[in-house]
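This report describes the fold of one protein chain for a reader who meets it here for the first time. The sequence and the structure are shown below.

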Amino acid sequence: AGPSVRVVQADLHNEAHAAAVQRLTGDFSQGPWGLRGGARLPAATLEALVPAMRAHGGVTCWLAERRPGEFVGFASAISSFSSYSAGEVLNVHDLYVDPTHRGAGIGSQLLGAVAEAAAGKGCAKVTLEMHPDNRDALRVYERAGFEFALRFGEKKIS
């Protein structure tokens with residue numbers, strides 16, 4: 001176990017929150033499940049990240065705050081639509097906890113905040129995708145009630 005955290009919905013116009021989302025996204029991209037082979041996202045991408053999230057309008061982020069101003073994890077989710085449910089869904093795009101704070105339930109707290117927000121918006125469900133070899137994440141997601149029955153594919157456009 002580790003220190004308790006407070007999960008807050010990020011205000012992407014707040015400088016401290018924006019900087020934390022940018023830093024944690026960079027850290028996530030550099031890790032084994034960041035799908036970049038250990039390379040950090042380019043500085044230009046990280047600098048464009050928060051303005052692009054604000055412009056998109058459908059992105060919501062949450063931060064795990066250990067102490068005031070010390071952010072040790074984050075989740076981002078994107079509003080989408082399910083034709084099978086005829087309703088809005090939230091897709092968890094990123095979930096990351098600093099390695100020194102893993103095992104303390106922070107990922108579960110972040111997922112709980114996403115689920116609470118989804119319920120508050122009347123969403124039909126919360127979805128996510130993950131690397132199939134990330135067994136630690138799979139356990140967190142299954143404990144949070146996620147079921148994995150679909151495969152996810154992507155085609156890069158640019």
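The expected span of a helix is 1.5 Å times one less than its number of residues. Helices (H or I, at least four residues) and strands (E, at least two) are DSSP runs, numbered from the N terminus. The model is a predicted one, in which local features need pLDDT of at least 70 and side-chain atom pairs count only at pLDDT 80 or more, while totals for chains, interfaces and linings use all residues. Residues are numbered from 1 along each chain as its sequence is written, and side-chain values use heavy atoms, with hydrogens and water left out.

**Overall form**

The chain contains four helices and five strands, which follow one another in the pattern β-α-α-β-β-β-α-β-α. A compact globule of 158 residues would have a radius of gyration near 15 Å, and the value of 15 Å for the chain agrees with this. That radius is taken over C-alpha atoms, and the globule rule is 2.2 Å times the number of residues to the power 0.38. Along the principal axes, the C-alpha atoms fill a box of roughly 40 × 40 × 30 Å. Of the 158 residues, 37% count as buried; buried means under 20% relative accessible area, exposed over 50%, and partly exposed in between (1.4 Å probe, protein chains only).

**Helix 3**

Helix 3 comprises 15 residues (106-120), which at 1.5 Å a residue should span 21 Å; its end C-alpha atoms are 21 Å apart, in agreement. Its buried residues are I106, G107, L110, L111, A113, V114 and A118. Seen down the axis of helix 3, these buried residues fall within an arc of 155°, so they line one face of the helix. The arc is that of the directions from the helix axis to the C-beta atoms. An α-helix has 3.6 residues a turn, so residues three or four places apart point the same way. The face of helix 3 turned away from the buried side carries the exposed residues E116, A119 and G120. The cover over the buried residues of helix 3 includes strand 1 (6-9), strand 5 (125-128) and helix 4 (135-143). After helix 3 comes G122, with a positive phi near 75°.

**Paired strands**

Two strands pair if DSSP finds at least two bridges between them.

| Pair | Bridges | Residues between the strands | Residue with positive phi |
|---|---|---|---|
| Strand 2 and strand 3 | eight bridges | two residues | G69, near 85° |
| Strand 3 and strand 4 | 10 bridges | four residues | A86, near 50° |

Within these pairs, C61 has S76 in strand 3 as its bridge partner, and F81 stands opposite E88 in strand 4.

**Nonpolar cores**

A nonpolar core is a set of buried Ala, Val, Leu, Ile, Met, Phe, Trp, Tyr and Cys residues joined through side-chain atoms within 4.5 Å. In the largest such core, of 22 residues, W62 and L110 touch the most other members. Strand 2, strand 3, strand 4, helix 3 and helix 4 each supply at least two residues of this core. Helix 3 gives the most to this core, with six residues. Apart from it lies another core, of 16 residues, among them V21, V50, V59 and C61.

**A loop residue**

H13 lies in the loop between strand 1 and helix 1 (15-30). H13 is exposed, with a relative accessible area of 67%. Although H13 and R54 are 41 residues apart along the chain, their C-alpha atoms are separated by 8.2 Å.

Key:
Contact means heavy atoms within 4.5 Å.
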